Amino acid sequence: MNTKRISKSLLFFIIIMCSYFKISAQMKFDTTAKIQALVKQLTTEEKVKMVHASSSFTSGGVARLGIPEIVTSDGPHGVRPEFGRDWNLDNNSLDSGTYLPTGNCLAATWNPQLGYAFGAVLGSEARFRGKNIILGPGINIIRSPLNGRNFEYQSEDPFLVSKMVVGYIKGVQDQGVSACVKHYAANNQESKRFTINVQMSERALREIYLPGFKAAVEVAKVNTVMGSYNKFRGQWASQNNYLLNQILKKEWNFKGFVMSDWDAVHNTEEAYWNGLDLEMGTDLRMLPNPDYNKFYYGDKLLALIKAGKLSEYILDDKVSRILYVMFKTGMIDGKLKTGDYNTKAHQQTAATIAEEGIVLLKNENNILPLNRNNIKTIAVIGFNAARKQSMGGGSSQVRAFYEITPLDGIKNIAGNNIKVEYAQGYEIQRGGGANQQMIDEAVALAKRSDIVVYVGGSTHGYRYDLWNDNAYDAEAVDKPNMDMPFGQDELLDQLLKANPKTVVALMGGGAIDMTKWISKTPAILQNWYAGMEGGNALARILFGTVNPSGKLPMTFPKKLEDNPSYALGEYPGDTAKSLIVNYHDDIYVGYRYYDTYKVTPQFAFGHGLSYTNFEYSNLKLAAVGQNVTATFMVKNTGKVAGAEIAQLYVHEQNAVLPRPEKELKGFDKIKLAPGEQKTISIKLDENAFKYFDDLKNEWVMDKAAFDILLGGASDDIKLRSTIKL
Ligand code: BGC
């Protein structure tokens, strides 16, 4: 290429770039100008209408200026069934849609691309149903195994959450729907969620509880954030100056708007000053005859502004933020996308996430995958095997277009030559013991079958409606303990005696105490709540059509007493004495605790088995300034294709402030054919080596030696090397 041609192309490139920046700057300017113009035309009454709900899931619009109502819907793993305007579940609506696996199953895939695919399905279906905002993702850190909402959340690890949440949000928002990341912040228990006051160090806040939200704002550009119910350092989270004004809006430069959780506002002035833009759900207090003008941001706000007691420019900022999101999503001055509903592709996404998210925890003597040549009869036992879970759990309920239970899935795959029989085994009743007649039936079936697939564990609750006292893994209630509920320990004990070839698949939002039977059972799978295709996914894994590749996004301790919120911190707090819950466990959440305090868990963070084996080799580290690239090789040494999730942890030698034994700072999911080998690079920037210094109130990096640990789980480090930075 001669110089003339090069300079010509360069010139062309510069012109294109200039016009691109000019156009986008112009568009930005136009939108800002349009927002300002609209705000000018709005009366105070109209602006007030826009900052509070107009029904259970909508907020006020101003028809005369073409400002629509905002229509929101739960929730994290599907578009919630329709409600009438005032909280009546509308049973006549055609609202059964795609039921995706729950948040922790998604996180267990460790596959950010699936995060995007998940979000895209949700966004598309939300749009089809006329929604503007989907109330998800829920990303609170999994601190205690007892939190009733862990199933909706993702992980105990802030880095994994940060990676998964970005894809999810972009997936939703690319469909022209706003995501709403929730519940900001420190909403890590359901017990007393409306009253507790969470106290934690600044370091724990910055290192553990905020990074997911920060990534949602800074990287994914989430349009809306939901403030939580609890207090944080003495002030309600939905009207918390530090969380909303200082951190979210000032430090992170959040451009969208903050809505309250439903019925989380307590005071007009405090909410107004401290950063809450939209008040939702206060009508819950006024049922059955809600009056939307009686919201804290209704008549009362109007009167305070009119009396000159509250400045109107703050209201203008709130309204501008709402309008900004409306412009961004095409609600004003644009074209709304239409979306799709119940497509085969959406169902396939649900299936893939379940297949990649179900975790094989134990597999002794390769009892799995099942060999169909050796099996004539399968006993499927356990209430969860035949139970539909989609409508349970609270606000995240979904009316599924269909839901393949594990029993359905096993029947689908078994074919004509294998006989599948079912026994329920136990009843779902909080505090209920084993039902001897059911046990006898199940034991008899186990005895006469070649193999038993037991599907039990936790459950979303007892009725197919909202939460209630019998609920486990449901909103508003935490689990009473980590025990297998409903007398299942006793049942499993008898089943394992009747047929030692009993494979256990557990549903639930996380850890459950397995100590009574784990040594006797040859195989265990963590099934989570795996969505509408969950039963097929489990069956494909059992039969080896799919090679499992999920890994635990949270530690499974042996006993509740081993969990750091129990051992070091307070959970759920002595709420009889005080409503303060002290997070004395500090930054030692999940594996950060187990590794540092040398407590051996039942299954470690990042653990998950495959039907093949992977070999790691050749770790090399290269640094340019504070940026480090770790290069290594992973080989599939087995006979079947599989995927390995290589995890990179950083350990700092002799850190100035105490640090956890290791911290996840990178991962990659690598798909490999039998015998195949790939070279993998994981890049770390300086943030991978920093920690938050409470005294300096900033992120710091020591001049130190850092060990880079690589492996297939937090307790299975295969390669290590050290670098001085
Ligand atoms: C939940 C939120 C949910 C809202 C609306 C609240 O009770 O905490 O997660 O989005 O209700 O249903």
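**Group meeting: cavities, ligand and rings**

Okay, let's start with the second largest cavity: its lining is made up of six nonpolar, six polar and two charged residues. For those classes, Ala, Val, Leu, Ile, Met, Phe, Trp, Tyr, Cys and Pro are nonpolar, Asp, Glu, Lys and Arg are charged, and the others, Gly among them, are polar. A word on the source: this is a predicted model, where local features need pLDDT of at least 70 and side-chain atom pairs count only at pLDDT 80 or more, while totals for chains, interfaces and linings use all residues. Residues are numbered from 1 along each chain as its sequence is written, and side-chain values use heavy atoms, with hydrogens and water left out.

Back to the cavities. A cavity here is a set of points, on a 1 Å grid over the protein atoms alone, where a 1.4 Å probe fits but cannot get out, and lining residues have an atom within 4 Å of a point. Points are joined across faces, edges and corners, and the volume is the space filled by probe spheres set on them. That gives five cavities of 30 Å³ or more.

Now the ligand. It is surrounded by 14 residues, the closest being D74, R149, H183, D261 and E475; to count, a residue needs a heavy atom within 4 Å. By class, that shell has five nonpolar, two polar and seven charged residues. For polar contacts, meaning pairs of N or O atoms within 3.5 Å, have a look at D261: a side-chain N or O atom there is 2.7 Å from a ligand oxygen. E475 also has a side-chain N or O atom 2.7 Å from an oxygen of the ligand. For R193, the distance from a polar side-chain atom to a ligand oxygen is 3.4 Å.

Last, the rings. Phe, Tyr and Trp rings (six-membered ring for Trp) pair if their centres lie within 6.5 Å; planes under 30 degrees apart are stacked, over 60 edge-to-face, the rest tilted. The whole structure has 31 aromatic pairs. Take F692 and W699: the ring centres are 5.6 Å apart and the planes sit at 80°, so this pair is edge-to-face. Is F692 buried or exposed? At 3% relative accessibility, F692 is buried, whereas W699, at 38%, is partly exposed. Buried means under 20% relative accessible area, exposed over 50%, and partly exposed in between, using a 1.4 Å probe and protein chains only.

Note on methods. A polar contact is a pair of N or O atoms within 3.5 Å; within protein, one must be able to donate a hydrogen and the other to accept it, and residues adjacent in sequence count only if both atoms are side-chain atoms. On a 1 Å grid over the protein atoms alone, a cavity is a set of points where a 1.4 Å probe fits but cannot get out, and a pocket is an open set with protein on both sides within 12 Å along at least five of seven lines; lining residues have an atom within 4 Å of a point.
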